Structure formats: C-alpha cells, structure tokens
Amino acid sequence: MRGFIALLSGALFGAGLHISGMTNTAKVRGFLDFAGAWDPTLAFVMGGAMLPMVFAWRLTRGRTPLTGGSYPAPPRSEITRPLIAGSILFGIGWGLVGLCPGPALASITYGGWQGVLFLVAMLAGMWAVPPLRLGLDRLMPTT
Amino acid sequence: MSIDWIWGLVGGVMIGTAAAVLLLGTGRIMGASGIVGGLIDGTGQDRSTTFAFLIGLIGMPALMTLGGWAADTHATSLPWLLIIGGLCVGIGTRFANGCTSGHGVCGMSRLSVRGFVATLAYIGAGAATVTLARVGLGL
C-alpha cells in the first residue's frame, strides 16, 4: 500500500513537472532572469503547488497517516548557517544550469548526456555532504 | 503573453497534489533532495517507498514522452558548467536540508520560517547568478 501511494505520488510529481515546463531549463532560468525577459511561469507552478498542500497540512492535525506511523514534527524555526549557505550554493547551481533535484530526475530519460552528467554530479555532491559536514564541524564548531 | 502560465498552474496543482498524497498517505515530506539524498548517503529509511516514488517520478515523464507529449530540457552543453552546477545543487540542498520541493512547496505551505528563508536565499542567489552569467559571461 505504501509503495502504491509513493508510486502514485511520484508519477503525479513527474507529470506535473513535465507539463508545467519546469524540466525546461530555459523557463527556469527565465524566471530567475528578473533583469531580462522575465518568465513568470515558475511563480504559477509554486503557487499552484502550495494550494493542495495548505489543505493537506490542515488535514494532518490530530490524525495519523493512512498507512500508519506519524506525521513530521512541527517545523524547526532556527535560521542556521548551513540553511543559508546551503540554499545560496543551491541557488548558484540552479541559476547556472536551470535544474533542481526534482526536474533533474524527472527529465533523466530525455535530457541527453547533459542531463546524465548533471545528475551524476548532483548525486556525487549529495554523497559528499556527510563527510564535508564532519570536516566543517571540526573547523567551525556550533554551526 | 503565451499560455505557458496556465500549464504552469495546472502542473503546479499536480505537484502539490503529489505532495499531499505522499504526506497524507505515508507521512513523508515530498522533498526531492531529501528523498534521493537519503538514498545516496545511506541516512534514508523506508527505502522501498523511496524506490516506488522514484520509479513514478522518472517513469511518468518517460511514458508521456513516448506517448507523444515531448519536452526538452534545453540544458547547456558545456560539461564544466553541468558538473559545477550539479555539485552546487547536490551539496547545497543537502546542507540546507531541502530544495524547491521540500523548502518551497512543502515548507512554505505550512508557514515554515526556514522554508521561506531558504526559498528567498536560493531564488536570490539564482537570480544573481543568471544575471551575472548573462551579462558577464554570455551564458
């Protein structure tokens, strides 16, 4: 049951990214190009995506997930250095190529060698983070 | 103005519905970097659910393309740019604990302060990067 729900969710996510144009790096970079020929599509995607989720979060109150377990804890509120620095680094990569993790996966079957090279580099970066964190914690405690 | 924003809105509602299905069905947050990152660095649990999600995420656009609904990524063909971009996205999203789907869609919709701060930071950095790359390097 959990597997079926996850498969359905993934398929909807992939279809949504595909038809919204978010696997098209030109549209994503066009949204980020506020000083140029600005493309507002991404704002509609983000706004549209938040609508069902506002209701979903309300439905979680006082309940448990359909297949058991528990809902995520309330969001943390501390603004940490890794949150800021990580998001800025992500934004730089996002601006350079125009792909973020969801679309990079969704477009992997038709993105050519370019998509594969980006995804491999992205996964390598993710794989390197736990050891990088350990090293940084030693250099700069209390991050 | 083109009708692209309508496709954006429709696709966006589908993305939000996907996140709602995963949350209400399994209790998991639909953050792409968290889901795939947990698989890569071994910290993720519930691996069979993760695999099923990834099969849907990759399989559905593939099926749509086969069915005639083609899309193009129009990505750069400069290998160094793809490698640097991929590394920045991979390292950055894992340090920040989320990306456009986790901090953006799932975080901001529950009024998470961290979600708003992260989204402001990556859109700001992305906008600065695109502008500098276009003006300075012609990329």
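Residues are numbered from 1 along each chain as its sequence is written, while chains are lettered from A and ligands numbered from 1 in the order in which they are written. Because the model is predicted, local features need pLDDT of at least 70 and side-chain atom pairs count only at pLDDT 80 or more, whereas totals for chains, interfaces and linings use all residues.

Figure 1. Chain A has 6 helices and 0 strands, and its elements follow the pattern α-α-α-α-α-α along the sequence. Chain B likewise comprises 6 helices and 0 strands. Helices (H or I, at least four residues) and strands (E, at least two) are DSSP runs, numbered from the N terminus. Along the principal axes, the C-alpha atoms of chain A fill a box of roughly 45 × 45 × 30 Å, and those of chain B a box of roughly 45 × 40 × 30 Å. Of the 143 residues in chain A, 52% are buried; for the 139 residues of chain B the figure is 58%. A residue is buried if 20 or more other C-beta atoms lie within 10 Å of its own, exposed if 12 or fewer, and partly exposed in between, with C-beta atoms placed from the backbone.

**Figure 2. The contact between chain A and chain B.** This contact takes 103 residues from chain A and 99 residues from chain B. Two residues are in contact if their C-beta atoms, placed from the backbone, lie within 7 Å. On the side of chain B that touches chain A, at least two residues come from each of α1 (4-26), α2 (32-41), α3 (47-66), α4, α5 and α6. The largest share of that side, 22 residues, is supplied by α1(B). By class, the side of chain B that touches chain A holds 56 nonpolar, 36 polar and 7 charged residues. Ala, Val, Leu, Ile, Met, Phe, Trp, Tyr, Cys and Pro count as nonpolar, Asp, Glu, Lys and Arg as charged, and the others, Gly among them, as polar.

**Figure 3. Packing of α3(A) against α5(B).** Helix α3 (residues 41-59) of chain A packs with α5(B) at an angle of about 50°, their axes lying 8 Å apart. Axes are lines fitted to C-alpha atoms, for helices over the stretch in contact, and angles run from 0 to 180 degrees between N-to-C directions. The angle makes α3(A) oblique to α5(B), since angles under 35 degrees count as roughly parallel, over 145 as roughly antiparallel, 65 to 115 as roughly perpendicular and the rest as oblique. From α3(A), the contact uses A:Met46, A:Ala49, A:Met50 and A:Met53; from α5(B), it uses B:Gly104, B:Val105, B:Cys106 and B:Met108. The contact of α3(A) with α5(B) has 7 nonpolar residues, 1 polar residue and no charged residues.

**Figure 4. Surroundings of A:Phe118.** A:Phe118 belongs to helix α6 (residues 112-139) of chain A. With 33 other C-beta atoms within 10 Å, A:Phe118 is buried. Apart from neighbours within four places in sequence, A:Phe118 touches A:Val97, A:Leu99 and A:Ala104 in chain A, and B:Ala75, B:Leu82, B:Gly85 and B:Gly86 in chain B.

**Figure 5. Helix α2(B) and its cover.** Of the 10 residues of α2(B), 7 are buried, so this helix is largely enclosed by the rest of the structure. The buried residues are B:Ala32, B:Ser33, B:Gly34, B:Ile35, B:Val36, B:Gly37 and B:Ile40. Their cover includes α5 (101-106) and α6 of chain A as well as α3, α4 and α5 of chain B. Just after α2(B), B:Gly42 has a positive phi of about 80°.

**Figure 6. Helix α6(B).** Helix α6 (residues 113-137) of chain B has 25 residues and spans 35 Å from its first C-alpha to its last, close to the 36 Å expected at 1.5 Å a residue. The expected span is 1.5 Å times one less than the number of residues. Among the buried residues of α6(B) are B:Arg114, B:Tyr122 and B:Val130. Elements covering the buried residues of α6(B) include α2 (25-32) and α4 (81-97) of chain A, together with α4 (79-96) and α5 (100-108) of chain B.

**Figure 7. Two loop residues of chain B with positive phi.** Most residues other than glycine have a negative phi. B:Asp46, not a glycine, has a positive phi of about 60° and lies in the loop between α2 and α3 of chain B. B:Asp46 is partly exposed, with 16 other C-beta atoms within 10 Å. B:Asn97, also not a glycine, has a positive phi of about 65° and is found in the loop between α4 and α5 of chain B. B:Asn97 counts as buried, with 21 C-beta neighbours inside 10 Å.
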